[in-house]
Structure formats: C-alpha cells, structure tokens
Amino acid sequence: MVCDGIIADMDDDNIRTLVSQVDVPIVGVGSSFNDPNDYPEVPYVATDNQDLLKSAFNHLKDKGIENFAFYGLANNCDKPWAKERELAFKQVVDKLGYKKNIIQGIESSVTNWQYDMNRLADWLQSLPVPTGIIAVTDSRARHLIQACEQNNILVPEQIAIVGIDNEEVVRFLTKIPLSSVEQGCLEMGYQAAKLMHESLLQPELLKKRTSLPRIVVPANKVHERQSSEYVSLNDPFVIQAMHFIKRNACKGIKVEQVLDHIGISRSNLDTRFREERGHSIHHEIHQEKLKYACELLCDINIPIQSVADRSGYPSLQYMYSVFKKDLGYTPKEFRVKESCC
C-alpha cells in the first residue's frame, strides 16, 4: 500500500516500530507525558492527562468530597497513558495536600474475574465514607460500580465514581449512569490533520522549526451522571431514600414505594427530607425525572416520545405540561435551545 503520510497511534508500541521503518511524514497522536523526553521524535498531538485528572478531581472536590482514590491498571501493563494518568492523580492530590488511596487493577480474565472483584471489594470497604474515586478508564469505572452493587456500597452516597473517555457503550452497560471526563478527540484529530497538511504541503516550514511541533489538547468536559451526583447528607434514612429515588424515579415510582423501601412513615421521612434537602420526597422524584428527561433531550437521535417513556412520564402530553410549567419551554423548544448552546 502506498501513502503520502501517516497519522499514527503512538501509544501502541507495535505501531511505533512499524512507522519508524517507513520514509513518509509521520504525525503521532497519543498520551501526554510528564517527562518531555518520553515523547516520540515526530510531530505530535497529545491528550492532556494532567487536565483529564484535574477535571475529574475538581468535579469531585466541588461536591464537598475530601477523600480521593484512584483505580488504575497494573504496573506492568504496556499502556503508557495509564501510568501517566496515575502519576497525574498523585500530583494533583499532593499539590492540594489531600490524602490519596490507589489500587492497581489486574488483567481480568474468566479465571481471575472473581478474585479481582473480591480484591476490589476489600479495597472499597476499607475506604472512608464518602470517597471520590477516579478510574483510569470508563471500563475500570464499571468494575467499581459492579463491586459496589455486589457489596451494598451506595453510589454516589458513599462512593462517588468518575471515569475517563466518556465511552457511550460503557455508559449504557452500567445500572448506575457513569460520570466521565471527555477527551478532546475532535480537536486532536483536527490538529493532527493540520500538522500532516503542513508536513505534506509545506515541509520547508517544518524543517525551519527549532523543535518538533507538540500540541497538548485539554479535556473537553466532565459529563456528570448519577455515579458522581454526591450530596452531603447526614440522615441515614434520607441517604437510603435518595439512593432508591435515583435508581428508580424514571420507573414511575410514587412516594409510597419509597416509604415501603425505607420502612418508616411518610410524615417522618418527609420531615427528615425537608430538613436535609429543603423539599418533599415527591419533589425529589419529580426533579430526578425532569433532569433525566433534559439529559435525553440533548441527544437529538432520541425521539421525544421515547424521552417521555424512558423518563417515567405517563404520557407525552404530561411531559409537555411539566416542561412548560417548570422550565418555560416545551421539550421540543428545550432541545432546540440546548443544541444551539
């Protein structure tokens, strides 16, 4: 195969070796590095691991969480970005003087899966409550959510979790929607293509540079979902009720189901709710459904009727009346407004 240039994933050692053997312009994409000497000797576009971790950390810290942990990959793994993310976590936490707790995962397989989950469960149960955990990837964050569910650890009330990559598939594989930091992948692609364009059409400009071009692209944003929606609460009944509501509000539950789950009277729980949250149990269910509907409407590929069904509204007309009353927009108007932001 003949080509004029290659944009290569330099996180893969095999690809690094292959592209070193060809005589065409190369632009690398991949991880950022704490040590500048670790960058490959080609024009390079990197995802900013420091900013990815800082974004996740600040998201959790702004919730009032003061205990932080990191779930990474094994030390002997061949993923340089995983080691860089763990290092970035240590630097971010140390800089602000917080204590840190780190566990490195193992390469999971059918034979060691249960051992790995038991090991993870022991670690989770040893953490102070609440703790915010940053996982090296969304897949590892999913492991955390599974281990918490199996050991009756409340997410996010006791353990708040943020992944990295914002992978759509992983997001829908967890019962608890996963918060995640989105990398600036589109910007990385654009910058890599721009460097390749310069290399092909203006090679003399590249030769005049005193150092190889290196572009580090910051995180795009933190997509907050249920796994990190931590709210500081003291009342154990309210904590249990909040967890139940977050898990079941969009299934069309009523206040009665919450009371049955908690096992105390409505007047008792409502009083506790108003003291902790400033509003009623019914209002909490209402807000949870509305918030989820707003999130779904931001995806233009989901029909509005499906949004109503998935958010637990009895009919599309009812959802329209809720939106108009609470937000001043119809769901369709809200979707148009959000798509323009």
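Author: We begin with domains, whose bounds here come from an automatic or database domain assignment. Residues are numbered from 1 along each chain as its sequence is written, and side-chain values use heavy atoms, with hydrogens and water left out. This is a predicted model: local features need pLDDT of at least 70 and side-chain atom pairs count only at pLDDT 80 or more, while totals for chains, interfaces and linings use all residues.

Reader: Into which domains is the protein chain divided?

Author: The chain is divided into domain 1 (6–47 + 184–220), domain 2 (49–180 + 223–228) and domain 3 (236–339). Between the C-alpha centres of domain 1 and domain 2 there are 29 Å.

Reader: How many residues of domain 1 and domain 2 are in contact?

Author: Contact means heavy atoms within 4.5 Å. Nine residues of domain 1 touch 10 residues of domain 2 in this sense. Buried area is the accessible area (1.4 Å probe) that two parts lose on being put together, summed over both. For domain 1 and domain 2 that is about 820 Å², with 49% of it on carbon and sulfur atoms. D11, N34 and A219 supply 48% of the area that domain 1 buries against domain 2, more than any other three residues.

Reader: What is the count of salt bridges between domain 1 and domain 2?

Author: Side chains of opposite charge can pair when their charged atoms come close. The rule asks for a side-chain nitrogen of Lys or Arg within 4 Å of a carboxyl oxygen of Asp or Glu. Between domain 1 and domain 2 the count is zero, whereas the total by this rule is 15 salt bridges. One of them joins the side chains of D165 and R85, at 3.7 Å from N to O. D165 lies in the loop between β7 (159–164) and α6 (168–173) and R85 in helix α3 (residues 80–95), so the pair ties together parts that are 80 residues apart in sequence.

Note on methods: Helices (H or I, at least four residues) and strands (E, at least two) are DSSP runs, numbered from the N terminus.
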